[in-house]
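This report walks through one protein structure for a reader who is new to it. Please look over the sequence and the model before reading on.

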Amino acid sequence: MINIFQPSLGEDELKEIEKVFRSNWIGRGDSVKKFESLFAKNLNESANRFYALSCCTEGLFLAAKIFNFSEGDEVIVPSVSFIAAGSAVINSGADLVICDVDKYSLNATAETIKKKITSKTKAIILNHYGGHPCDMDPIIKLAKENDIFVIEDSACAVQSFYKGKACGTIGDMGIWSFDAMKSIVTGDGGMIYLKSQDLLETVKEECYLGLPARETSGIDKSNDEKSMWWEVQINRPGRRTIMNNISGAIGIAQMNKLNEFQERRKYIYEKYNDSLSKIKSIRIPPSLPEHSTNSYYFYWIQLKKRDELAKYLKENSIYSTYRYWPLNYVDFFQAYEELENTEYAKSATLNIPLHSSLTDGDVDKIITTIQEFAS
Ligand SMILES: *Cc1c(COP(=O)(O)O)cnc(C)c1O
(Lines give C-alpha, C1' and ligand atoms only; values in the text may rest on other atoms or scores of the structure.)
Protein backbone atom coordinates (compact mmCIF):
# COMPACT_ATOMS: atom_id res chain seq x y z
CA MET A 1 0.00 0.00 0.00
CA ILE A 2 1.31 3.47 -0.84
CA ASN A 3 0.81 5.61 2.26
CA ILE A 4 -0.86 8.97 2.07
CA PHE A 5 1.43 10.58 4.66
CA GLN A 6 4.76 9.23 5.87
CA PRO A 7 7.71 10.60 7.82
CA SER A 8 11.34 10.49 6.65
CA LEU A 9 13.56 9.44 9.53
CA GLY A 10 17.08 8.07 9.70
CA GLU A 11 20.63 8.29 10.98
CA ASP A 12 20.64 12.08 11.42
CA GLU A 13 17.81 11.90 13.93
CA LEU A 14 19.54 9.04 15.78
CA LYS A 15 22.77 11.06 16.01
CA GLU A 16 20.95 14.03 17.51
CA ILE A 17 19.16 11.78 19.99
CA GLU A 18 22.48 10.19 20.91
CA LYS A 19 23.85 13.62 21.86
CA VAL A 20 20.89 14.09 24.16
CA PHE A 21 21.45 10.70 25.78
CA ARG A 22 25.13 11.48 26.32
CA SER A 23 24.20 14.76 28.00
CA ASN A 24 22.07 12.72 30.42
CA TRP A 25 19.32 15.37 30.30
CA ILE A 26 16.27 14.37 28.31
CA GLY A 27 13.87 16.99 29.68
CA ARG A 28 13.39 20.45 28.18
CA GLY A 29 16.80 21.97 27.52
CA ASP A 30 19.28 22.98 24.84
CA SER A 31 17.94 20.72 22.07
CA VAL A 32 14.45 22.17 22.40
CA LYS A 33 15.84 25.71 22.41
CA LYS A 34 17.94 24.98 19.34
CA PHE A 35 14.90 23.50 17.60
CA GLU A 36 12.89 26.62 18.45
CA SER A 37 15.53 28.88 16.98
CA LEU A 38 15.96 26.80 13.81
CA PHE A 39 12.19 26.81 13.37
CA ALA A 40 11.93 30.58 13.87
CA LYS A 41 14.88 31.23 11.56
CA ASN A 42 13.27 29.21 8.80
CA LEU A 43 10.26 31.54 9.02
CA ASN A 44 12.50 34.65 9.13
CA GLU A 45 11.28 35.42 12.62
CA SER A 46 12.94 36.01 15.95
CA ALA A 47 13.12 32.95 18.23
CA ASN A 48 11.88 34.81 21.29
CA ARG A 49 8.35 34.72 19.93
CA PHE A 50 8.26 30.91 19.72
CA TYR A 51 7.74 28.17 22.26
CA ALA A 52 7.77 24.43 21.66
CA LEU A 53 5.18 22.25 23.31
CA SER A 54 3.85 18.71 23.39
CA CYS A 55 1.43 18.99 20.46
CA CYS A 56 -0.60 21.37 18.35
CA THR A 57 -3.90 20.31 19.95
CA GLU A 58 -2.55 21.59 23.26
CA GLY A 59 -1.83 24.88 21.49
CA LEU A 60 -5.45 25.15 20.37
CA PHE A 61 -6.66 24.61 23.94
CA LEU A 62 -4.09 27.15 25.17
CA ALA A 63 -5.40 29.68 22.66
CA ALA A 64 -8.85 29.34 24.23
CA LYS A 65 -7.26 29.88 27.63
CA ILE A 66 -5.02 32.85 26.99
CA PHE A 67 -7.52 34.77 24.86
CA ASN A 68 -10.03 34.00 27.56
CA PHE A 69 -12.77 32.41 25.48
CA SER A 70 -15.73 32.13 27.82
CA GLU A 71 -19.48 31.79 28.06
CA GLY A 72 -21.22 34.41 26.00
CA ASP A 73 -18.36 34.61 23.48
CA GLU A 74 -18.58 33.31 19.96
CA VAL A 75 -15.54 31.85 18.25
CA ILE A 76 -15.59 31.26 14.50
CA VAL A 77 -14.00 28.08 13.17
CA PRO A 78 -14.10 27.11 9.47
CA SER A 79 -16.08 23.94 8.75
CA VAL A 80 -13.03 22.24 7.23
CA SER A 81 -10.86 22.30 10.35
CA PHE A 82 -9.09 19.84 12.59
CA ILE A 83 -11.45 18.40 15.19
CA ALA A 84 -9.52 19.84 18.15
CA ALA A 85 -10.21 23.41 17.00
CA GLY A 86 -13.90 22.77 17.63
CA SER A 87 -13.22 20.95 20.91
CA ALA A 88 -11.02 23.76 22.24
CA VAL A 89 -13.86 26.24 21.70
CA ILE A 90 -16.57 24.01 23.20
CA ASN A 91 -14.37 23.20 26.17
CA SER A 92 -13.93 26.89 26.97
CA GLY A 93 -17.67 27.47 27.32
CA ALA A 94 -17.76 29.78 24.29
CA ASP A 95 -20.14 29.12 21.40
CA LEU A 96 -18.67 27.36 18.40
CA VAL A 97 -19.71 29.21 15.25
CA ILE A 98 -18.86 27.41 12.04
CA CYS A 99 -18.21 29.35 8.86
CA ASP A 100 -18.13 28.10 5.29
CA VAL A 101 -14.92 27.71 3.28
CA ASP A 102 -13.88 28.43 -0.26
CA LYS A 103 -15.08 25.62 -2.50
CA TYR A 104 -11.70 24.83 -3.97
CA SER A 105 -9.02 25.94 -1.49
CA LEU A 106 -11.08 24.75 1.51
CA ASN A 107 -9.82 27.81 3.37
CA ALA A 108 -12.03 30.32 5.15
CA THR A 109 -12.21 33.69 3.40
CA ALA A 110 -13.10 37.20 4.59
CA GLU A 111 -16.52 36.73 2.93
CA THR A 112 -17.35 33.44 4.64
CA ILE A 113 -16.13 34.76 8.00
CA LYS A 114 -18.00 38.05 7.69
CA LYS A 115 -21.33 36.26 7.45
CA LYS A 116 -20.79 34.86 10.94
CA ILE A 117 -19.53 37.92 12.77
CA THR A 118 -21.75 39.31 15.54
CA SER A 119 -21.10 41.64 18.46
CA LYS A 120 -20.18 38.53 20.48
CA THR A 121 -17.45 37.29 18.13
CA LYS A 122 -14.19 37.05 20.01
CA ALA A 123 -11.85 35.19 17.70
CA ILE A 124 -11.41 33.20 14.51
CA ILE A 125 -9.30 30.05 14.35
CA LEU A 126 -8.10 29.83 10.76
CA ASN A 127 -6.71 26.74 9.12
CA HIS A 128 -4.23 27.03 6.25
CA TYR A 129 -5.57 23.96 4.48
CA GLY A 130 -2.74 21.55 3.74
CA GLY A 131 -0.26 24.42 3.83
CA HIS A 132 -2.14 26.50 1.22
CA PRO A 133 -2.16 30.03 2.72
CA CYS A 134 -5.48 31.72 3.45
CA ASP A 135 -5.89 35.09 1.77
CA MET A 136 -4.84 36.95 4.90
CA ASP A 137 -5.02 40.68 4.02
CA PRO A 138 -8.82 40.90 3.84
CA ILE A 139 -9.16 38.61 6.85
CA ILE A 140 -6.83 40.70 9.02
CA LYS A 141 -8.63 43.85 7.91
CA LEU A 142 -11.99 42.33 8.85
CA ALA A 143 -10.62 41.15 12.21
CA LYS A 144 -9.22 44.60 13.03
CA GLU A 145 -12.51 46.31 12.14
CA ASN A 146 -14.38 43.94 14.43
CA ASP A 147 -11.78 43.62 17.19
CA ILE A 148 -11.38 39.87 16.76
CA PHE A 149 -8.31 37.79 17.62
CA VAL A 150 -6.84 35.81 14.74
CA ILE A 151 -5.40 32.40 15.55
CA GLU A 152 -3.74 30.54 12.70
CA ASP A 153 -3.75 26.77 12.88
CA SER A 154 -0.64 26.30 10.78
CA ALA A 155 -0.21 22.61 11.59
CA CYS A 156 0.28 21.84 7.89
CA ALA A 157 2.03 25.09 7.02
CA VAL A 158 5.62 24.68 8.26
CA GLN A 159 6.98 26.65 5.35
CA SER A 160 4.10 28.64 3.92
CA PHE A 161 4.44 32.36 3.30
CA TYR A 162 1.81 34.96 2.48
CA LYS A 163 3.24 38.08 0.87
CA GLY A 164 6.62 37.38 2.42
CA LYS A 165 5.32 36.72 5.94
CA ALA A 166 5.16 33.22 7.41
CA CYS A 167 1.74 31.69 7.93
CA GLY A 168 1.26 31.47 11.68
CA THR A 169 2.94 34.83 12.32
CA ILE A 170 0.39 37.07 10.62
CA GLY A 171 -2.40 36.99 13.20
CA ASP A 172 -2.15 37.09 17.00
CA MET A 173 -1.12 33.49 17.43
CA GLY A 174 0.16 30.63 15.27
CA ILE A 175 0.37 26.93 16.06
CA TRP A 176 2.24 24.16 14.24
CA SER A 177 2.26 20.39 14.61
CA PHE A 178 5.09 17.87 14.41
CA ASP A 179 3.06 14.75 15.07
CA ALA A 180 4.00 11.47 13.42
CA MET A 181 2.39 12.37 10.07
CA LYS A 182 3.35 15.99 9.53
CA SER A 183 5.94 17.57 7.19
CA ILE A 184 8.49 17.42 9.99
CA VAL A 185 8.00 15.10 12.93
CA THR A 186 9.27 15.03 16.51
CA GLY A 187 7.29 12.01 17.76
CA ASP A 188 4.69 14.34 19.14
CA GLY A 189 5.24 18.04 19.24
CA GLY A 190 3.96 21.48 18.50
CA MET A 191 5.12 25.08 18.29
CA ILE A 192 3.44 28.30 19.29
CA TYR A 193 4.06 31.79 17.98
CA LEU A 194 2.65 34.74 19.87
CA LYS A 195 2.69 38.34 18.82
CA SER A 196 2.40 39.48 22.43
CA GLN A 197 5.43 38.86 24.64
CA ASP A 198 3.22 38.94 27.76
CA LEU A 199 0.96 36.24 26.40
CA LEU A 200 3.98 34.16 25.51
CA GLU A 201 5.10 34.33 29.16
CA THR A 202 1.58 33.25 30.15
CA VAL A 203 1.81 30.30 27.77
CA LYS A 204 5.11 29.21 29.30
CA GLU A 205 3.47 29.20 32.73
CA GLU A 206 0.40 27.36 31.45
CA CYS A 207 2.67 24.74 29.89
CA TYR A 208 4.78 24.23 32.98
CA LEU A 209 2.81 23.88 36.18
CA GLY A 210 2.00 27.56 36.50
CA LEU A 211 5.53 28.26 37.73
CA PRO A 212 6.77 31.79 37.02
CA ALA A 213 8.22 31.67 33.51
CA ARG A 214 11.98 31.38 33.63
CA GLU A 215 14.17 29.80 31.02
CA THR A 216 15.79 27.56 33.60
CA SER A 217 12.47 26.26 34.80
CA GLY A 218 12.38 23.51 37.35
CA ILE A 219 10.75 23.23 40.74
CA ASP A 220 13.68 22.54 42.99
CA LYS A 221 16.42 25.02 42.27
CA SER A 222 19.24 24.36 44.64
CA ASN A 223 21.27 27.24 43.23
CA ASP A 224 18.54 29.71 44.21
CA GLU A 225 19.50 32.49 46.57
CA LYS A 226 16.61 31.47 48.83
CA SER A 227 17.44 29.65 52.01
CA MET A 228 14.53 27.27 51.53
CA TRP A 229 14.82 26.47 47.85
CA TRP A 230 12.06 23.87 48.17
CA GLU A 231 9.39 26.53 48.56
CA VAL A 232 6.97 26.63 45.59
CA GLN A 233 4.80 29.48 44.40
CA ILE A 234 2.77 29.50 41.20
CA ASN A 235 1.16 32.23 39.11
CA ARG A 236 -1.71 30.10 37.82
CA PRO A 237 -2.98 26.53 37.80
CA GLY A 238 -0.72 25.11 35.12
CA ARG A 239 -0.43 21.81 33.29
CA ARG A 240 2.70 20.17 31.96
CA THR A 241 2.88 20.19 28.19
CA ILE A 242 6.42 21.23 27.38
CA MET A 243 8.58 19.61 24.71
CA ASN A 244 11.52 17.46 25.81
CA ASN A 245 15.07 17.20 24.45
CA ILE A 246 14.45 13.87 22.69
CA SER A 247 11.71 15.43 20.59
CA GLY A 248 13.81 18.57 20.21
CA ALA A 249 16.71 16.49 18.91
CA ILE A 250 14.53 14.83 16.27
CA GLY A 251 13.23 18.29 15.39
CA ILE A 252 16.76 19.65 14.85
CA ALA A 253 17.61 16.85 12.42
CA GLN A 254 14.28 17.31 10.64
CA MET A 255 14.75 21.08 10.35
CA ASN A 256 18.10 20.48 8.69
CA LYS A 257 16.32 18.42 6.03
CA LEU A 258 13.21 20.55 5.68
CA ASN A 259 14.30 22.30 2.47
CA GLU A 260 15.09 18.94 0.90
CA PHE A 261 11.68 17.59 2.00
CA GLN A 262 9.97 20.66 0.60
CA GLU A 263 11.71 20.37 -2.75
CA ARG A 264 10.56 16.80 -3.13
CA ARG A 265 7.01 17.66 -2.08
CA LYS A 266 6.93 20.55 -4.54
CA TYR A 267 8.22 18.37 -7.35
CA ILE A 268 5.50 15.78 -6.74
CA TYR A 269 2.80 18.44 -6.32
CA GLU A 270 3.72 20.00 -9.65
CA LYS A 271 3.91 16.65 -11.36
CA TYR A 272 0.37 15.92 -10.14
CA ASN A 273 -0.75 19.35 -11.34
CA ASP A 274 0.73 18.80 -14.80
CA SER A 275 -0.79 15.38 -15.37
CA LEU A 276 -4.08 15.62 -13.53
CA SER A 277 -5.05 19.04 -14.89
CA LYS A 278 -5.40 17.28 -18.26
CA ILE A 279 -8.27 15.15 -16.98
CA LYS A 280 -11.56 16.94 -17.63
CA SER A 281 -13.56 15.38 -14.81
CA ILE A 282 -10.95 16.28 -12.19
CA ARG A 283 -10.22 19.61 -10.58
CA ILE A 284 -6.74 20.25 -9.21
CA PRO A 285 -5.99 22.59 -6.25
CA PRO A 286 -6.49 26.28 -7.03
CA SER A 287 -3.50 28.57 -7.44
CA LEU A 288 -2.17 30.30 -4.34
CA PRO A 289 -2.99 33.85 -3.27
CA GLU A 290 -0.59 36.33 -4.93
CA HIS A 291 3.00 36.37 -3.66
CA SER A 292 2.49 33.27 -1.55
CA THR A 293 4.26 29.95 -1.13
CA ASN A 294 2.93 26.57 -0.11
CA SER A 295 4.18 23.84 2.22
CA TYR A 296 2.73 21.19 -0.10
CA TYR A 297 1.40 19.13 2.75
CA PHE A 298 -1.82 18.07 1.05
CA TYR A 299 -2.53 17.38 -2.56
CA TRP A 300 -6.21 17.20 -3.25
CA ILE A 301 -8.41 16.67 -6.25
CA GLN A 302 -12.12 17.26 -6.59
CA LEU A 303 -14.42 15.14 -8.69
CA LYS A 304 -17.99 13.87 -8.83
CA LYS A 305 -17.01 10.23 -8.50
CA ARG A 306 -14.83 10.79 -5.44
CA ASP A 307 -15.97 7.72 -3.51
CA GLU A 308 -15.53 5.42 -6.51
CA LEU A 309 -12.03 6.74 -7.16
CA ALA A 310 -11.05 6.29 -3.50
CA LYS A 311 -12.17 2.66 -3.72
CA TYR A 312 -10.39 2.11 -7.03
CA LEU A 313 -7.15 3.53 -5.65
CA LYS A 314 -7.42 1.32 -2.59
CA GLU A 315 -7.92 -1.76 -4.78
CA ASN A 316 -4.70 -0.71 -6.47
CA SER A 317 -2.84 -0.40 -3.15
CA ILE A 318 -2.94 3.39 -3.05
CA TYR A 319 -4.35 4.97 0.05
CA SER A 320 -6.35 8.17 -0.16
CA THR A 321 -8.60 10.04 2.24
CA TYR A 322 -10.56 13.22 2.78
CA ARG A 323 -9.41 15.85 5.27
CA TYR A 324 -11.16 17.25 7.26
CA TRP A 325 -14.62 15.91 8.01
CA PRO A 326 -16.53 19.19 8.43
CA LEU A 327 -17.20 20.25 12.00
CA ASN A 328 -20.85 21.02 11.22
CA TYR A 329 -21.20 17.27 10.62
CA VAL A 330 -19.63 16.28 13.94
CA ASP A 331 -22.70 15.39 15.99
CA PHE A 332 -21.07 16.13 19.31
CA PHE A 333 -20.69 19.80 18.44
CA GLN A 334 -24.43 20.13 17.75
CA ALA A 335 -23.64 22.75 15.16
CA TYR A 336 -25.28 21.28 12.08
CA GLU A 337 -26.04 23.76 9.37
CA GLU A 338 -25.97 23.41 5.62
CA LEU A 339 -23.04 25.37 4.22
CA GLU A 340 -23.01 25.40 0.45
CA ASN A 341 -19.30 25.17 -0.32
CA THR A 342 -18.71 22.74 2.52
CA GLU A 343 -21.30 20.41 0.97
CA TYR A 344 -19.28 20.41 -2.23
CA ALA A 345 -15.94 20.00 -0.44
CA LYS A 346 -17.27 17.12 1.63
CA SER A 347 -18.61 15.18 -1.35
CA ALA A 348 -15.95 15.90 -3.97
CA THR A 349 -12.56 16.24 -2.27
CA LEU A 350 -9.97 13.48 -2.16
CA ASN A 351 -6.48 13.80 -0.69
CA ILE A 352 -3.95 11.63 -2.51
CA PRO A 353 -0.47 10.60 -1.29
CA LEU A 354 2.07 13.38 -0.91
CA HIS A 355 5.24 12.98 1.11
CA SER A 356 8.97 13.13 0.60
CA SER A 357 9.43 9.35 0.66
CA LEU A 358 7.27 8.72 -2.42
CA THR A 359 9.43 7.30 -5.21
CA ASP A 360 9.09 8.42 -8.83
CA GLY A 361 7.60 4.97 -9.45
CA ASP A 362 4.96 5.57 -6.76
CA VAL A 363 4.05 8.93 -8.24
CA ASP A 364 3.78 7.48 -11.75
CA LYS A 365 1.63 4.64 -10.47
CA ILE A 366 -0.72 7.05 -8.69
CA ILE A 367 -1.09 9.23 -11.76
CA THR A 368 -1.61 6.29 -14.11
CA THR A 369 -4.19 4.73 -11.81
CA ILE A 370 -6.18 7.97 -11.68
CA GLN A 371 -5.91 8.31 -15.46
CA GLU A 372 -7.17 4.76 -15.90
CA PHE A 373 -10.11 5.46 -13.62
CA ALA A 374 -11.04 8.63 -15.45
CA SER A 375 -10.79 7.19 -18.95
C1 LIG B 1 -2.43 17.48 12.82
C2 LIG B 1 -3.22 18.70 13.00
C3 LIG B 1 -3.47 19.26 14.26
C4 LIG B 1 -3.13 18.55 15.53
O5 LIG B 1 -1.78 18.43 15.76
P6 LIG B 1 -1.26 17.49 16.94
O7 LIG B 1 0.17 17.91 17.08
O8 LIG B 1 -1.42 16.09 16.47
O9 LIG B 1 -2.06 17.78 18.15
C10 LIG B 1 -4.14 20.46 14.33
N11 LIG B 1 -4.56 21.09 13.24
C12 LIG B 1 -4.36 20.61 12.01
C13 LIG B 1 -4.84 21.38 10.83
C14 LIG B 1 -3.70 19.38 11.84
O15 LIG B 1 -3.54 18.87 10.60
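## Terms and basis

Two strands are said to pair if DSSP finds at least two bridges between them. The helices (H or I, at least four residues) and strands (E, at least two) are themselves DSSP runs, numbered from the N terminus.

This is a predicted model, in which local features need pLDDT of at least 70 and side-chain atom pairs count only at pLDDT 80 or more, while totals for chains, interfaces and linings use all residues. Residues are numbered from 1 along each chain as its sequence is written, and side-chain values use heavy atoms, with hydrogens and water left out.

## Strand S9 and its partners

Strand S1 (residues 50–53) and strand S9 pair in the antiparallel sense, over four bridges. Within this pairing, Tyr-51 has Ile-192 of S9 as its bridge partner. Strand S8 (residues 173–177) also pairs with S9 in the antiparallel sense, over five bridges. Here Gly-174 stands opposite Tyr-193 in S9.

S9 spans residues 190–194, and five of its five residues are buried. Buried means under 20% relative accessible area, exposed means over 50%, and partly exposed lies in between (1.4 Å probe, protein chains only). In a regular strand the side chains alternate between the two faces of the sheet. In S9 both faces are covered, with Gly-190, Ile-192 and Leu-194 buried on one side and Met-191 and Tyr-193 buried on the other.

## A three-strand sheet

An open sheet of three strands runs in the order S7-S6-S10, with antiparallel pairing. Strand S7 (165–166) and strand S10 (292–293) stand at the edges with a single partner strand each, so one side of each has no neighbour in the sheet. S6 and S10 are joined by two bridges, and Tyr-162 stands opposite Ser-292 in S10.

## Two domains

The domain assignment gives domain 1 (11–216 + 226–255) and domain 2 (258–374); such bounds come from an automatic or database domain assignment. The C-alpha centres of domain 1 and domain 2 lie 25 Å apart. The contact between them (heavy atoms within 4.5 Å) takes 45 residues from domain 1 and 40 residues from domain 2. Domain 1 and domain 2 bury about 3,500 Å² between them, 60% of it on carbon and sulfur atoms. Buried area is the accessible area (1.4 Å probe) that two parts lose on being put together, summed over both.

Across the interface of domain 1 and domain 2 the rule finds one salt bridge, that is, a side-chain nitrogen of Lys or Arg within 4 Å of a carboxyl oxygen of Asp or Glu. Lys-116 forms a salt bridge with Glu-337, with the closest N and O atoms 2.7 Å apart. On the side of domain 1 that touches domain 2, the elements giving two or more residues are strand S2 (74–78), helix H4 (83–92), strand S3 (95–99), strand S6 (161–162) and helix H8 (245–276). H4 gives the most to that side, with four residues.

## Gly-86 in helix H4

Gly-86 has its place in helix H4 and is buried, with a relative accessible area of 0%. Leaving aside neighbours within four places in sequence, Gly-86 is in contact with Leu-96, Leu-327 and Phe-333. Gly-86 and Val-97 are 11 residues apart in sequence and 9.0 Å apart in space, C-alpha to C-alpha.

Strand S11 (residues 299–302) and S12 run antiparallel and are joined by four bridges, with Tyr-299 opposite Ile-352 in S12. S12 (residues 349–352) is covered on both faces: Thr-349 and Asn-351 are buried on one side, and Leu-350 and Ile-352 on the other.

Arg-306 is found in helix H9 (residues 306–315) and is buried, at a relative accessible area of 11%. Apart from neighbours within four places in sequence, Arg-306 is in contact with residues including Tyr-322, Lys-346, Thr-349 and Leu-350.

## Backbone exceptions

Most residues other than glycine have a negative phi, and most peptide bonds are trans. Asn-24 has a positive phi, near 65 degrees. Asn-24 is found in the loop between helix H1 (11–23) and helix H2 (30–42), and counts as exposed at 67% relative accessibility. Phi of Leu-209 is also positive, near 65 degrees. Leu-209 is found in the loop between helix H7 (197–207) and H8 and counts as partly exposed, at 27% relative accessibility.

The peptide bond from Arg-323 to Tyr-324 is cis, with omega near -15 degrees. Tyr-324 lies in the loop between H9 and helix H10 (340–348).
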